[in-house]
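This briefing concerns side-chain contacts in a protein model. It takes up charged pairs and then aromatic pairs.

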Amino acid sequence: MTLLSLLLPLSPLAAADDALDGYLRYPDVHKTRVVFTAEDDLWIADTSSSPSVTRRLTRDEGSERHGKFSPDGGSIAFTADYDGNSEVFVIPAA
């Protein structure tokens with residue numbers, strides 16, 4: 001399965017109530033889940049359902065990017081700029 005085939009189901013997101021303005025950037029894939037950056041926040045999509053279920057993981061004033069799944073898929077590490085500093089944070093993928 002290619003990355004493109006995983007991201008194509010995300011196209012209906014534009015019609016969602018919490019519409020995604022801007023580009024979907026920095027994707028990382030773990031099995032059927034994709035974590036990506038949009039609107040300077042992290043989002044996660046489960047591509048095993050149709051349409052894919054997508055939810056926002058972060059909603060901060062800072063900019064979050066480069067989300068990466070841990071090898072077991074249980075956590076997501078990402079870089080964020082809060083208070084002018086770039087730091088690495090880890091959150092549960094669930």
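The model is predicted. A search of the whole structure finds four salt bridges, and the count of aromatic pairs comes to two. Residues are numbered from 1 along the chain.

**Salt bridge between R25 and D40**

- R25 and D40 form a salt bridge in which the closest N and O atoms are 3.4 Å apart.
- Because R25 belongs to strand β1 (residues 25-30) and D40 to the loop between β2 (33-38) and β3 (41-46), the pair ties together parts that are 15 residues apart in sequence.
- R25 has a relative accessible area of 30% and is partly exposed.
- D40 is also partly exposed, at 36% relative accessibility.

- E39 forms a salt bridge with R56, with 2.7 Å between the closest N and O atoms.
- This pair links distant parts of the chain, as E39 is in the loop between β2 and β3 and R56 is in strand β4 (residues 53-56), 17 residues apart.
- R56 forms a salt bridge with D41 as well, and here the closest N and O atoms are 2.5 Å apart.
- Through shared partners, the salt bridges join E39, D41 and R56 into one network.

**Aromatic pairs**

- The ring centres of F78 and F89 lie 5.8 Å apart and the ring planes meet at 25 degrees, so this pair is stacked.
- The stacked arrangement follows because planes under 30 degrees apart count as stacked.
- F78 in strand β6 (residues 75-82) and F89 in strand β7 (residues 85-92) are eleven residues apart, and their pair links distant parts of the chain.
- F78 is buried, with 4% relative accessibility, whereas F89 is partly exposed, with a relative accessible area of 27%.
- One aromatic cluster is formed by F78, Y82 and F89.

Methods. Predicted model: local features only at pLDDT ≥ 70, side-chain atom pairs only at ≥ 80, totals over all residues. Heavy atoms only, no water. Salt bridge = Lys/Arg side-chain N within 4 Å of Asp/Glu carboxyl O. Helix = DSSP H or I, 4+ residues; strand = E, 2+ residues; numbered from the N terminus. Buried < 20%, exposed > 50% of the residue type's maximum accessible area, 1.4 Å probe, protein only. Phe/Tyr/Trp six-rings, centres within 6.5 Å; stacked < 30°, edge-to-face > 60°.
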